[in-house]
Amino acid sequence: MNPLPSRLQVALVIRPLGSPADRETFIRLPGRLHRDDPHWIEPLHFERRQHLSAKNPVFEHVTWQGWLAWAGDEPIGRISAQIDTLHRAQHGSDTGHFGMLDAIDDPAVFAALVGAAEEWLLEQGAHRITGPFNLTINEESGLLVDGFDRPPSMMMGHAHPFSGARLEALGYRPAKDLLAYWMRPPDIHYTPAMQRIMDRMRDRIQVRQLDQSRFDAELMTLRDIFNDAWAENWGFIPFTEAEFRELGSNLKLLVPPDMIMIAEVDGVAAGFIVGMPNLNEAIEPLHGRLLPFGWLRLLWRLKVRPPRSARVPLMGVRRGKHFSRLGTVLALLLTEAMKFALIRNRMESLEMSWILEDNSGMRNILEHIGAEPYKRYRVYEKQL
């Protein structure tokens with residue numbers, strides 16, 4: 001690692017996570033680093049502990065290591081590095097990833113953290129590093145590089161504006177941009193040409209709610225469609241059955257039944273969409289804490305002041321329908337059904353995220369029906 005000038009008045013030390021106390025510091029550090037950012041929303045510490053525990057099914061195929069940067073007894077930065085066997089099976093055995101990067105604005109701190117992650121990845125046989133992924137591309141992905149003036153939606157990241165420049169100074173280059181689109185249900189509209197083709201296909205395409213009485217089977221249908229729909233996308237790794245079951249337990253608990261919809265063509269499931277209430281609205285005043293009384297405040301807010309925004313984190317149309325009129329109509333009818341669900345649930349806005357920058361088909365649809373890109377997340381890469 002190349003030494004860089006630092007503004008620190010004490011020695012900089014990088015240490016791998018060891019004790020439970022280290023892991024707790026790792027989880028809580030972003031809240032300290034962003035305490036003066038009015039748009040920062042602290043994730044629930046309990047949820048982050050679960051995310052990094054052996055209970056997370058992602059660790060069936062991911063090995064990771066985390067580090068903290070210390071200036072004396074003060075933590076000032078963190079990073080993780082991951083090896084994902086599913087990703088290596090799809091994209092080559094020399095790949096590795098970094099994630100959970102956050103630090104004070106000091107070039108030496110960034111260099112030391114990134115250097116620790118790179119050294120560990122080299123030991124794991126990686127010669128190409130991409131990220132940030134927290135912990136995989138199916139979770140929080142990319143570094144926010146545009147759109148700092150609004151808080152993040154649920155399960156989307158936030159960052160300091162200087163972080164991208166610090167990475168680029170260390171030799172990282174943009175690999176792919178991921179976009180978040182924002183729209184208001186009353187503003188979602190369809191051109192006359194769109195409406196005509198949608199109306200012509202309604203006899204063949206039925207959009208229905210997920211059948212709660214067959215929840216497990218329906219969940220596996222969603223997984224099958226997602227893994228097929230995204231199989232050729234950049235950086236894709238499939239959801240495992242265990243991961244999707246874990247996701248499903250959250251969907252069942254948090255999502256209104258009419259915000260999970262499946263589109264069938266001639267009776268066969270061909271696409272789906274999931275809208276999740278933006279729980280960041282409810283957890284924002286808790287500052288990550290559920291104890292001693294945070295859980296009461298959370299339940300009260302969800303009952304009395306439920307979220308007024310939502311996010312679509314999952315959507316897919318089977319690969320065989322891509323680049324066809326039928327595929328376009330499936331996407332249009334799914335967004336139409338979501339519009340009506342949002343109105344029924346009195347939600348005022350929707351984020352669609354994330355969308356690959358070069359997914360021109362989906363971007364075209366969104367921009368034609370009234371959505372606008374308002375946040376940009378960047379995945380970086382480097383040859384080691």
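Before I start, a word on terms: helices (H or I, at least four residues) and strands (E, at least two) are DSSP runs, numbered from the N terminus. With that in hand, we can say that histidine 87 lies in helix H3, which covers residues 85-91. Please keep in mind that this is a predicted model, in which local features need pLDDT of at least 70 and side-chain atom pairs count only at pLDDT 80 or more, while totals for chains, interfaces and linings use all residues. Residues are numbered from 1 along each chain as its sequence is written, and side-chain values use heavy atoms, with hydrogens and water left out.

Let me stay with histidine 87 for a moment. Histidine 87 counts as buried because its relative accessible area is 8%, where buried means under 20% relative accessible area, exposed over 50%, and partly exposed in between, with a 1.4 Å probe and protein chains only. If we leave aside its neighbours within four places in sequence, histidine 87 is in contact, meaning heavy atoms within 4.5 Å, with Gly92, Thr95, His97, Gly235 and Ile237.

That brings us to strand S4, residues 95-103, which is mostly covered, as 9 of its 9 residues are buried. Which strands pair with S4? Strand S3, residues 74-84, pairs with S4 in the antiparallel sense over 5 bridges, and two strands are said to pair if DSSP finds at least two bridges between them. In that pairing, glutamine 82 stands opposite histidine 97 of S4. Strand S5, residues 128-131, pairs with S4 in the parallel sense over 3 bridges, and here glycine 96 stands opposite isoleucine 129 of S5.

Within S4 we also find methionine 100, whose phi is near 50 degrees, a positive value in a residue other than glycine. Is methionine 100 buried or exposed? At 6% relative accessibility, methionine 100 counts as buried.

A second residue with a positive phi, about 50 degrees, is aspartate 266, which is not a glycine either. Aspartate 266 lies in the loop between strand S11 (260-265) and strand S12 (268-277), and at 52% relative accessibility aspartate 266 counts as exposed. S12 is largely enclosed by the rest of the structure, because 9 of its 10 residues are buried. S12 is also joined by 6 bridges to strand S13, residues 309-317, again in an antiparallel run, and proline 277 stands opposite alanine 310 of S13.

Now to a pair of helices. Helix H6, residues 192-201, and helix H11, residues 325-344, pack at an angle of about 95 degrees with their axes 10 Å apart, where axes are lines fitted to C-alpha atoms, for helices over the stretch in contact, and angles run from 0 to 180 degrees between N-to-C directions. Therefore H6 is roughly perpendicular to H11, since angles under 35 degrees count as roughly parallel, over 145 as roughly antiparallel, 65 to 115 as roughly perpendicular and the rest as oblique. The contact includes Met194 and Ile197 of H6, and Leu326 and Val329 of H11.

Finally, two cis peptide bonds. The bond from asparagine 134 to leucine 135 is cis, with omega near 15 degrees, and leucine 135 is found in the loop between strand S6 (133-134) and strand S7 (140-141). Another cis peptide bond joins serine 353 and tryptophan 354, with omega about -10 degrees, and tryptophan 354 lies in strand S14, residues 349-356.
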